Amino acid sequence: MPFLSVGAALAGMAMLVGYLAALAGRAEAGLASRRLMAAVAGADAAGDPLLNAADLKERLRILRQRSEAALARFGNGKPPDALTQRLKWAGISLMPQAWRMLPWPTGALGAVAGAVVGVVAPHYLPVLVLGGAMVGAMLPNTILNQRLAARRTRIASEILTYTEYLAMAMMAGADFRTAVRQVQERFVGPVSDAFSAAVLSSGVGGRLDDGLREAQAVLRNRDADVIVDTLVKNLQLGAECAERMLAAVETVRRERAERVLEKAGRAAVFLLVPIVVFIVPVVFALIVFPMLHQAIGVLH
């Protein structure tokens with residue numbers, strides 16, 4: 001029975017790989033035939049390899065495109081806008097339709113990996129296959145959430161420093177649009193991209209206030225909300241706007257310190273929980289209860 005399960009899993013994996021290879025092979029057939037004719041004609045007589053790094057990279061790119069198109073065909077239909085935006089923020093270039101179907105092949109690969117491990121421990125084969133399938137199916141969503149969390153952490157760490165450089169450029173005499181372009185050369189990241197997109201949208205007929213609100217929606221950070229609100233209210237004040245931006249940065253830093261102290265206070269309360277649950281009963285059982293029992297015996 002274990003060998004039948006392993007054989008079925010490996011056969012399914014082989015069929016999947018064969019299907020993807022067939023899709024890639026059709027696109028590569030023309031390239032391979034041209035290279036073969038050139039080799040027969042002596043074009044490669046100088047020692048150039050028939051499969052160099054550029055060809056391998058091109059074949060991998062074609063294989064990826066074919067695989068993505070195959071997944072997208074199964075996941076047809078309009079994906080939710082939230083998924084499209086999340087993939088864009090995470091820097092994943094896969095189509096949303098293909099991403100929705102990605103847990104199926106990754107789950108199949110996880111099941112195959114579990115079956116391979118189950119050969120060593122056949123008694124746990126069903127558990128390993130099921131666990132591998134579940135881990136494989138959850139892997140794409142886990143990777144997406146990790147990338148989004150890393151993006152949020154980067155935004156939180158960059159927004160104040162970016163705002164300070166922006167304010168210094170404005171205090172030096174540059175207007176907001178010029179200051180954003182100058183700071184963009186120093187900062188490369190989601191914060192700089194959001195503000196640059198706001199300036200770009202205002203340059204093609206849009207309002208700068210609307211672009212800043214769009215940047216606020218893209219960043220989704222409470223500190224960025226404070227900075228954008230300050231900009232929208234005081235953008236016409238020039239150097240005075242820069243001073244108010246720096247004041248907003250100091251306010252945000254103070255609020256961050258207060259939040260850290262508040263979390264530290266809650267952590268101190270949470271530390272009392274293991275003391276009450278684990279240490280106090282042991283002390284009572286080993287010390288207090290014997291003393292009370294002895295005292296009651298003496299009194300009697």
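My entries go from the whole chain down to single residues.

**Ground rules.** This is a predicted model, where local features need pLDDT of at least 70, side-chain atom pairs count only at pLDDT 80 or more, and totals for chains, interfaces and linings use all residues. Residues are numbered from 1 along each chain as its sequence is written, and side-chain values use heavy atoms, with hydrogens and water left out.

**Whole chain.** I began by counting elements, and I got 11 helices and 0 strands. For helices I went by DSSP runs of H or I with at least four residues, and for strands by E runs of at least two, numbered from the N terminus.

Next I looked up burial. Buried means under 20% relative accessible area, exposed means over 50%, and partly exposed is in between (1.4 Å probe, protein chains only). Of the 300 residues in the protein chain, 29% count as buried.

Then I checked contacts, meaning heavy atoms within 4.5 Å. Among contacts with a separation of 6 or more, residues 24 or more positions apart account for 59%.

**Nonpolar cores.** Which residues touch the most other members of the largest nonpolar core? I noted Tyr-162, Leu-166, Phe-176, Phe-195, Leu-212 and Leu-231, out of 34 residues in that core. A nonpolar core here is a set of buried Ala, Val, Leu, Ile, Met, Phe, Trp, Tyr and Cys residues joined through side-chain atoms within 4.5 Å. The elements giving two or more residues to this core are α6 (125-171), α7 (176-184), α8 (190-203), α9, α10 and α11 (239-299). The most comes from α6, with 8 residues. Apart from this core I found another, of 12 residues, including Leu-94, Ala-98, Trp-99 and Leu-148.

Leaving out residues up to four places away in sequence, Leu-166 touches Phe-176, Ala-179, Val-180, Val-183 and Met-245.

**α9 against α10.** How do helix α9 and helix α10 pack? Helix α9 (residues 208-219) and helix α10 (residues 222-234) pack at an angle of about 175°, with axes 10 Å apart. The axes are lines fitted to C-alpha atoms, for helices over the stretch in contact, and the angles run from 0 to 180 degrees between N-to-C directions. So α9 is roughly antiparallel to α10. The cut-offs are under 35 degrees for roughly parallel, over 145 for roughly antiparallel, 65 to 115 for roughly perpendicular, and oblique for the rest.

On the α9 side, the contact is made by Asp-209, Leu-212, Arg-213, Gln-216 and Leu-219. On the α10 side, I listed Ala-224, Asp-225, Val-228, Asp-229, Leu-231 and Val-232. By class, that contact has 6 nonpolar, 1 polar and 4 charged residues. Ala, Val, Leu, Ile, Met, Phe, Trp, Tyr, Cys and Pro count as nonpolar, Asp, Glu, Lys and Arg as charged, and the others, Gly among them, as polar.

**Gln-216.** This residue sits in α9 and is buried, at 16% relative accessible area. Skipping residues up to four places away in sequence, Gln-216 touches Asp-225, Val-228 and Asp-229. Its side chain makes a polar contact of 3.1 Å with the side chain of Asp-225. A polar contact is a pair of N or O atoms within 3.5 Å; within protein, one must be able to donate a hydrogen and the other to accept it, and residues adjacent in sequence count only if both atoms are side-chain atoms.

**Arg-220.** I found Arg-220 in the loop between α9 and α10. Is Arg-220 buried or exposed? Arg-220 is exposed, with a relative accessible area of 62%. Its phi is near 50°, a positive value in a residue other than glycine.

**Thr-230.** Over in α10, Thr-230 is buried at 13% relative accessible area. Not counting residues up to four places away in sequence, Thr-230 touches Arg-244, Met-245 and Ala-248.

**Arg-147.** Last, I went to α6 for Arg-147, which is partly exposed at 39%. A polar atom of its side chain lies 3.3 Å from the backbone oxygen of Ala-90.
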